[in-house]
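Please keep the sequence and the three-dimensional view at hand while reading.

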Amino acid sequence: MKQHQISKVWNAGEKCEQCAIRHLVLFADLKKSDFELIHRPINEFNLPVGATLYHPGDRSESIYTLREGLVKLVTYLVDGTVRVVRIIKKGDVVGLEALDGKNYFHHAIVLEDASFCRIPVSQIETLNEHSPHLAKQLTSRWQRVISDADLWLSKLSSGFAKQRVAYLLLYLAEDGGDQAVYLPSRDDMGAMLAITTETASRIVAALKREGIINVVSTHRALIDKTRLTELCEN
């Protein structure tokens with residue numbers, strides 16, 4: 001690999017080091033010498049709301065770090081029902097099944113304008129073989145997938161519908177401080193929580209009347225975390 005190519009890749013790493021999500025970046029622990037093992041720069045690209053990153057069955061040659069935005073992973077049941085099985089948030093890695101040689105499992109659809117880093121599987125394999133600095137971050141990403149799956153099964157797919165909505169909003173608010181959180185469409189909310197669109201609409205309207213959420217735009221709302229937590233506990 002030529003020196004100017006190494007520098008180009010390393011400069012991208014320096015950019016990540018200085019950004020606000022450095023602790024979430026997949027390559028956060030890499031050293032400059034590790035980048036000499038990478039044969040191509042990591043590609044950065046953007047996708048708008050509604051765009052599809054990949055479809056189930058697509059050949060998987062890369063994984064993707066989400067730098068900005070939100071992505072939903074969608075599957076269709078035998079009866080045609082749409083289910084959202086996970087939300088990918090800033091700093092998450094999507095397409096990890098590629099590391100096991102599997103084709104992609106889901107439709108990955110952009111919920112909010114998104115920025116990605118595309119990382120070829122071949123580069124991950126090279127780094128894993130010759131450097132110890134990536135394993136911890138990859139393990140952390142797999143653990144996040146497991147934790148999210150547990151949340152989806154135990155909190156978002158069972159119990160009273162109002163509690164499910166409360167859990168979802170608190171989940172979307174994680175690491176967001178007091179900023180307005182993403183408010184899914186009622187169709188998406190139904191697909192995430194296994195409730196009807198009408199039920200989702202009714203619950204959101206009730207939360208607005210009770211002052212627990214304050215909608216500030218089509219897909220943004222300020223939430224009362226304390227009262228939502230009380231709903232979950234009761």
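Of the 13 residues of helix H4, 10 are buried, so the helix is largely enclosed by the rest of the structure. Here, buried means under 20% relative accessible area, exposed means over 50%, and partly exposed lies in between, with a 1.4 Å probe and protein chains only. Helices (H or I, at least four residues) and strands (E, at least two) are DSSP runs, numbered from the N terminus. The buried residues of H4 are Ala-161, Gln-163, Arg-164, Val-165, Ala-166, Leu-168, Leu-169, Tyr-171, Leu-172 and Ala-173.

The model is a predicted one, in which local features need pLDDT of at least 70 and side-chain atom pairs count only at pLDDT 80 or more, while totals for chains, interfaces and linings use all residues. Residues are numbered from 1 along each chain as its sequence is written, and side-chain values use heavy atoms, with hydrogens and water left out.

## Length of H4 and the residue after it

Just after H4, Asp-175 adopts a positive phi of about 65°.

## Packing of H4 against H7

Two packed helices are described by the angle between their axes and the distance between the axes. Axes are lines fitted to C-alpha atoms, for helices over the stretch in contact, and angles run from 0 to 180 degrees between N-to-C directions. H4 (residues 161-173) packs with helix H7 (residues 225-233) at an angle of about 135°, the axes being 8 Å apart. The two helices are therefore oblique to each other; angles under 35 degrees count as roughly parallel, over 145 as roughly antiparallel, 65 to 115 as roughly perpendicular and the rest as oblique.

On the H4 side, the contact (heavy atoms within 4.5 Å) is made by Lys-162, Gln-163, Ala-166, Tyr-167, Leu-169, Leu-170 and Ala-173. On the H7 side, it is made by Lys-225, Leu-228, Thr-229, Leu-231 and Cys-232. These residues divide into eight nonpolar, two polar and two charged. In this classification Ala, Val, Leu, Ile, Met, Phe, Trp, Tyr, Cys and Pro count as nonpolar, Asp, Glu, Lys and Arg as charged, and the others, Gly among them, as polar.

H4 and H6 pack at an angle of about 70°, with axes 10 Å apart. That makes H4 roughly perpendicular to H6. Ala-161, Lys-162, Val-165 and Leu-169 of H4 meet Thr-199, Ile-203 and Leu-207 of H6, a set of five nonpolar residues, one polar and one charged.

For H4 and H5, the angle is about 105° and the axes lie 11 Å apart. These helices are therefore also roughly perpendicular to each other. Arg-164, Val-165 and Leu-168 in H4 meet Met-189, Met-192 and Leu-193 in H5; five of these residues are nonpolar, none is polar and one is charged.

The loop between helix H5 (186-193) and helix H6 (197-209) contains Ala-194. This residue has a positive phi of about 60° although it is not a glycine, and Ala-194 is partly exposed, with a relative accessible area of 41%.

## Buried residues in the strands

Ala-108 is buried, with a relative accessible area of 0%, and Ile-109 counts as buried at 17%. The C-alpha atoms of Ala-108 and Leu-73 are 4.7 Å apart, although these residues are 35 apart in sequence. Not counting residues up to four places away in sequence, Ala-108 touches Ala-51, Thr-52, Leu-53, Tyr-54, Val-71, Lys-72 and Leu-73.

Ser-62 lies in strand S3 (residues 62-76) and is buried, with a relative accessible area of 1%. Beyond its neighbours within four places in sequence, Ser-62 has contacts that include Gly-95, Tyr-104 and Arg-118.

## The chain as a whole

The chain has seven helices and nine strands, and 46% of its 234 residues count as buried. Among contacts between residues at least 6 apart in sequence, 71% join residues at least 24 apart.
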